[in-house]
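Subject: A structure to look through

Dear colleague,

I am handing over a structure that I would like you to read alongside the notes in this message. Please open it first, and then follow the notes with the sequence beside you.

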Amino acid sequence: MGAVFAANYFDLSVNLQLIVGGLALGAIYSVVALGFVLVYKSTDVLNLAHGEFLMLGSYFAVTFLVTESLNFFLGTAIILVIMLFLGLLIHYGIMRGMVGQPFFSIVLATIGIATIIRAMLLIFYGPTERGRLTALPGSGGSWEVSGATIRHVDVIILVIVAVCVGALFAFFKYTRVGLHIRAVADNLEASAAMGIDPDRVYAMTWAAALALAGLGGVLFAHVTAAIDQNLAAIGLRAFPAAVLGGLTSLGGAIIGGLVVGVIEQLAGGHIGTKWREPVAFSVLFIVLLVKPTGLFGRKDLERV
């Protein structure tokens, strides 16, 4: 048994297959972690409902891509618009009134949102789990590369995430709204003095974060074994990615997601699937002990 394990451990084709699958999974984590970081960086809110928002995206994918049989891109666009409006609703309906409240009160508010989402999904979709989606065009096959089986769905997910992340960073760099979000995240007082409305920026931040979670949910519905209420845990599994990259770094969230995804896949493939989450959270503990701000996080200076 030991010889078989050792041979599998150093098998190039097995490792290549695990790494490609890990990059696809990590790309989804990156999208989820981006939304997590975006809200934290702009509003200082630790959003513990982000996993539920991802789960909501997966269930919406069941409705629009399976039940309504919409084209993948049209259905996904509708889901993203719904998530955008839900983000605005959460800001203006709940989080706006929490501004200035103690940190733990705001965190509890996000836990309350998560509970409501779980209850609503249970009411409208029931406890029955759904199977993996196959609506992503061209995702059904695979390639043989150096003895490794590379699934189409993994490569397509990587391409979609790369395009969306590129568009998001271009949005932050070249648009007025994106610049306003960056300005508020960097210095709230200075940006308000320049005439930027923080409340409007917070609303757009929540909308963008939920759209990212919705996209992550749609993509994850194509790689998960089942769509059920356990999907919310993916949000927690993306948390180590955000911490690894740094809770204040958008680029760090991308790298952190990819690293955690690859580590999870290698651990699951070589040690056992039950070790995937312990290994991912071990990364979180190590990072917190060695570098609490993450690999690319910013350590704010305080005048005393």
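Let us begin with a pair of helices, H3 (residues 50-67) and H4 (residues 72-93), whose axes come within 10 Å and cross at roughly 140°. Please keep in mind throughout that this is a predicted model. Two packed helices are described by the angle between their axes and the distance between the axes. An angle counts as roughly antiparallel when it is over 145 degrees, and H3 and H4 are therefore oblique to each other. The crossing in which H3 passes H4 is right-handed. On the H3 side the contact is made by Phe 53, Leu 56, Gly 57, Phe 60, Ala 61, Phe 64 and Leu 65, while H4 contributes Phe 72, Gly 75, Thr 76, Ile 78, Ile 79, Ile 82, Met 83, Leu 86 and Ile 90. Sorted by class, this contact of H3 with H4 holds 13 nonpolar residues, three polar ones and no charged ones.

Is Phe 72 buried or exposed? With a relative accessible area of 5%, Phe 72 is buried, because buried means under 20%. If residues up to four places away in sequence are not counted, Phe 72 touches Leu 65, Ala 135, Leu 136, Pro 137, Ile 160, Val 218 and His 222. Among these, Val 218 is 146 residues apart from Phe 72 in sequence, and yet the two are 9.6 Å apart in space, from C-alpha to C-alpha.

A second pair of helices is H6 (residues 152-174) and H9 (residues 198-220), which pack at an angle of about 170° with their axes 11 Å apart. H6 and H9 are therefore roughly antiparallel to each other. In this pair the contact is made by Ile 157, Ile 160, Val 161, Cys 164 and Leu 168 of H6, together with Leu 212, Leu 215 and Leu 219 of H9. The residues in this contact of H6 with H9 divide into eight nonpolar, no polar and no charged.

Helix H6 also holds Ala 167, which counts as partly exposed because its relative accessibility is 46%. The C-alpha atoms of Ala 167 and Asp 197 are separated by 24 Å, although the two residues are 30 residues apart along the chain.

Next come two strands, E2 (residues 142-145) and E3 (residues 148-151), which run antiparallel and are joined by four bridges. Within this pairing, Val 145 stands opposite Ala 148 in E3. The two strands form a hairpin with two residues between them, and Ser 146 in the turn has a positive phi of about 55°. Strand E3 shows a covered face, made of Ala 148 and Ile 150, and an uncovered face, made of Thr 149 and Arg 151.

Most residues other than glycine have a negative phi, which is the reason to check the following places carefully. Asp 44, in the loop between H2 and H3, has a phi near 65°, a positive value in a residue other than glycine. At 54% relative accessibility, Asp 44 counts as exposed. Ser 69, in the loop between H3 and H4, has a phi near 55°, again a positive value in a residue other than glycine. At 57% relative accessibility, Ser 69 counts as exposed.

Finally, please look at Ser 42, which has its place in helix H2 (residues 12-43). Which residues is Ser 42 in contact with, leaving aside its neighbours within four places in sequence? They are Ile 181, Val 184, Ala 185, Tyr 202 and Thr 205. Ser 42 has a relative accessibility of 7% and therefore counts as buried.

How values were computed:
Residues numbered from 1 in each chain as written. Predicted model: local features only at pLDDT ≥ 70, side-chain atom pairs only at ≥ 80, totals over all residues. Heavy atoms only, no water. Axes fitted to C-alpha atoms, helices over the stretch in contact; angles between N-to-C directions. Parallel < 35°, antiparallel > 145°, perpendicular 65-115°, else oblique. Left-handed = near helix turned anticlockwise from the far one by under 90°. Contact = heavy atoms within 4.5 Å. Nonpolar A, V, L, I, M, F, W, Y, C, P; charged D, E, K, R; others polar. Buried < 20%, exposed > 50% of the residue type's maximum accessible area, 1.4 Å probe, protein only. Pairing = 2+ DSSP bridges.
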